[in-house]
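Hi everyone, thanks for coming. Please have a look at the sequence and the structure on the screen, and then I'll walk you through them.

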Amino acid sequence: MANIIRIENIANHVGEEVTIQGWLYNRTGKGKLVFLQVRDGSGIVQAVVFRPSVSPEVFEAADHLSQESSLVVTGRVRAEGRAPGIPGGYELDVSDLRVIQQAADYPITPKEHGIEFLMDHRHLWIRSRKQWALLRIRATVMRAIRSWLDSHGYLEVSTPILTPAAGEGTTTLFEVDYFGEPVYLAQTGQLYNEATIYAFGKVYCFGPTFRAEKSKTRRHLTEFWMVEPEVAFCDLEQLMEIEEQFVSYIVQTVLQERKLELAVLERDTSALERVQPPFPRISYDEALDRLAAIRAATPDPELKELLAIEWGSDFGSPHETELTKQFDRPLFVYGYPTACKAFYMEPWPGRPEVCKSVDLLAPEGYGEITGGSERISDPELLLQRIHQEGLPEEAFRWYIDLRRYGSVPHSGFGLGVERTVAWIAGIHHVRETQPFPRTLGQVYP
RNA sequence: UCCUCGGUAGCUCAACAGGCAGAGCGGCCGGCUGUUAACCGGUUGGUUGUAGGUUCGAGUCCUACCCGAGGAGCCA
């Protein structure tokens, strides 16, 4: 057996005899030639089996190899412009081939399949090119998130997943029995981050969060990953500067490191190249004016109906989509009405009906990818807001306590990994951005 | 939870106005020295989502239920 290599490094081995361990992705034949597309997890390469070049047993095995059979193949690497694959352009002239297991009938063929079938076979679907590319982009997004934060002075601090009380309202929580007491799967780590900034200054938590919303849209999962940075001595304006640096870094990192994967997904990268600071900023009030103008201009009565909105309401996805169409990069909308946001947000100076909140809306209809705010730092005001919202003061005792010992203005935001990946990768539905997504009505496999 | 659409071979779908349940792909057998979701010939393959009902006759019509998709609301 020759030197075992990974397909992603194949360009370094032209002219050498090498061995690849992998699985059969696809096979075509042409008489005395058999073309095997072999994947090894790092890429796909075409292995060419020519009848006169191998033993009759090897040719017979290659000619009858079923899709997804595991194999070890040895041959000489040759640069060949006609060869398909990832990266493509290289192929293996096979001298020997050993079948580890002849696979049973593999259900996912290179032809079309419906989403129900694919989701039921998610454990196999992740082997397919586009899913493979997508999950590699996801991994890069997650690494870029940690890399930027770690190199800008943030400390990763783990927050609990089993939590005693709601972060923001009680209707969307998964309840778990905790030795006879009800506890809830975390929908945010933010309140804990507000404690840990007083120990570390700049922190983030990063992990799965859970929402029991009965949402059936292309932007929702019941279990999704969120990174939540929180910063002491930081106001809303500074927060937006952090966010635009952070998001731009993530996008540019994927552009640099995942070119092949973006090509597999046929993503138009020119829109991503524009994602550089500064991002446009508009207030909620201005957003409403713009929506009114769009509404007045459209001849479509259905869109007119969808875009109807009164001051004080949060945006629906048609509003977000129409607003972001007016810009060529992510859009900040700040200063939402207090009534449609969480209790802990700092009021706008002189306008208590507005709070110092900001959402970042992704282009191309992917919706809100971050939500953040400056937090209330005054203990009396915080207590008052908790009462106004009818929340149980007892559950928030420790949270209010934070405001008694060196309270400072502070801000933070949460970024949803799946929406960010879906946007960068240019795929339609967030469910494909997770290896095993949990959606309303799907917890298998 | 609401609205819309759908469920037929392993997969993707067709089946006129209620009248013999079909095609392509996949699998299997054979052919081909450059295939890219190859191509050519042959072959295999069905409890039409479930339970009732109408009818001489139901994939098709009616009722209920189950499952899925798309969207809304809610949200990242």
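This is a predicted model: local features need pLDDT of at least 70, side-chain atom pairs count only at pLDDT 80 or more; totals for chains, interfaces and linings use all residues.

Residues are numbered from 1 along each chain as its sequence is written, while chains are lettered from A and ligands numbered from 1 in the order in which they are written.

So how confident is the predictor? The pLDDT, its confidence in each residue from 0 to 100, has a mean of 92 over chain A, with 98% of the residues at 70 or more. For the complex, the ipTM is 0.88 and the pTM is 0.94.

Now the overall layout. Chain A has 14 helices and 19 strands; these are DSSP runs, with helices being H or I of at least four residues and strands E of at least two, numbered from the N terminus. An automatic or database assignment sets the domain bounds, and it divides chain A into domain 1 (3–101) and domain 2 (122–280 + 327–433). Their centres, taken over C-alpha atoms, are 44 Å apart.

How much of chain A is buried? Of its 445 residues, 38% are. Buried here means 20 or more other C-beta atoms within 10 Å of the residue's own, with C-beta atoms placed from the backbone.

Let's look at helix α4, residues 129–150. The expected span is 1.5 Å times one less than the number of residues. Among the buried residues of α4 are Trp 132, Ile 137 and Trp 148. The buried residues of α4 pack against several elements, including β11 (202–210) and α6 (236–257).

Helix α6 also has 22 residues and reaches 32 Å from its first C-alpha to its last. Its buried residues include Leu 239, Phe 246 and Tyr 249.

Finally, which residues are closest to RNA strand B? They are Gly 31, Pro 84, Gly 114, Gly 316 and Gly 416, out of 61 that surround it. Near means a C-beta atom, placed from the backbone, within 6 Å. Strand β18 (residues 367–375) gives the largest share of that surface, five residues.

Conventions: A residue is buried if 20 or more other C-beta atoms lie within 10 Å of its own, exposed if 12 or fewer, and partly exposed in between; C-beta atoms are placed from the backbone. Two residues are in contact if their C-beta atoms, placed from the backbone, lie within 7 Å. pLDDT is the predictor's confidence in each residue, from 0 to 100.
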